[in-house]
Amino acid sequence: MTFTSFHYEAPLPALGTEVLTVILENLSIVMTFAFSQEALAKYYGEHYHGRFKFLERAFFDAPHQRAIRACIELAVMYRALDDIQNITARREEESFGDLYNGDEPPKPLRLRDLVNKIIHAQRIEWDFSKDIKEPLIVCYAAPNQAGFGWTKAEIRVTGLAEACSGLAC
């Protein structure tokens with residue numbers, strides 16, 4: 001009987017194979033937050049009349065903050081993985097949202113820019129106003145980003161999911 005050995009090298013040695021798990025878990029948090037807001041607001045409005053500070057924090061504030069943290073963690077892990085595997089080079093023509101620079105017309109948001117804008121944002125907000133089926137993650141540039149040609153990035157939540165769809169688990 002012959003035994004062969006197989007050596008698997010993790011995409012990011014310090015994290016081992018966990019990098020994809022971290023991205024997956026954070027994408028799950030982002031998607032759950034984005035697509036639960038309408039139902040939570042409806043439930044809250046139908047069942048609680050008046051102001052219930054603790055419930056507002058539990059239903060809206062805490063999930064909002066956790067979703068922002070998940071976006072940042074996902075972006076950092078994706079960026080690190082991209083530095084090793086050059087994922088964005090294979091998806092250069094795809095757009096995942098819109099990139100704004102002052103009053104100029106928006107440009108397509110490319111994958112590498114998507115993760116960079118989340119990482120370098122001064123502020124991250126959610127926009128559910130245009131279409132509840134296509135919420136946006138809105139990243140606003142920090143003052144030190146002025147030289148990088150952007151003031152705001154609007155990331156389609158489904159675009160973020162599409163960006164992760166090609167990763168192998």
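Leaving aside its neighbours within four places in sequence, with which residues is Gln 145 in contact? Select Gln 145 in the loop between β4 and β5, and then display His 120 and Trp 150, which are its contacts beyond that range; contact means heavy atoms within 4.5 Å. Gln 145 counts as buried, at 6% relative accessibility. Buried means under 20% relative accessible area, exposed over 50%, and partly exposed in between (1.4 Å probe, protein chains only). Helices (H or I, at least four residues) and strands (E, at least two) are DSSP runs, numbered from the N terminus.

The model is predicted: local features need pLDDT of at least 70, side-chain atom pairs count only at pLDDT 80 or more, and totals for chains, interfaces and linings use all residues. Residues are numbered from 1 along each chain as its sequence is written, and side-chain values use heavy atoms, with hydrogens and water left out.

Next, select helix α3, residues 111-120. Its buried residues include Leu 111, Leu 114 and Ile 118. The buried residues of this helix pack against elements including α2, β1 and β3 (121-127).

Proceed to the loop between α2 (53-85) and β1 (97-100), where Arg 91 lies. Arg 91 is buried, with a relative accessible area of 14%. Its side chain reaches the backbone oxygen of Glu 162 at 3.0 Å. Beyond four places in sequence, the residues in contact with Arg 91 include Tyr 78, Phe 96 and Leu 111.

Finally, select Asn 86, also placed in the loop between α2 and β1. Asn 86 is partly exposed, at 43% relative accessibility. The phi of Asn 86 is near 55°, a positive value in a residue other than glycine.

Definitions and conventions. Polar contact = N/O pair within 3.5 Å; in protein donor to acceptor, adjacent residues only side chain to side chain.
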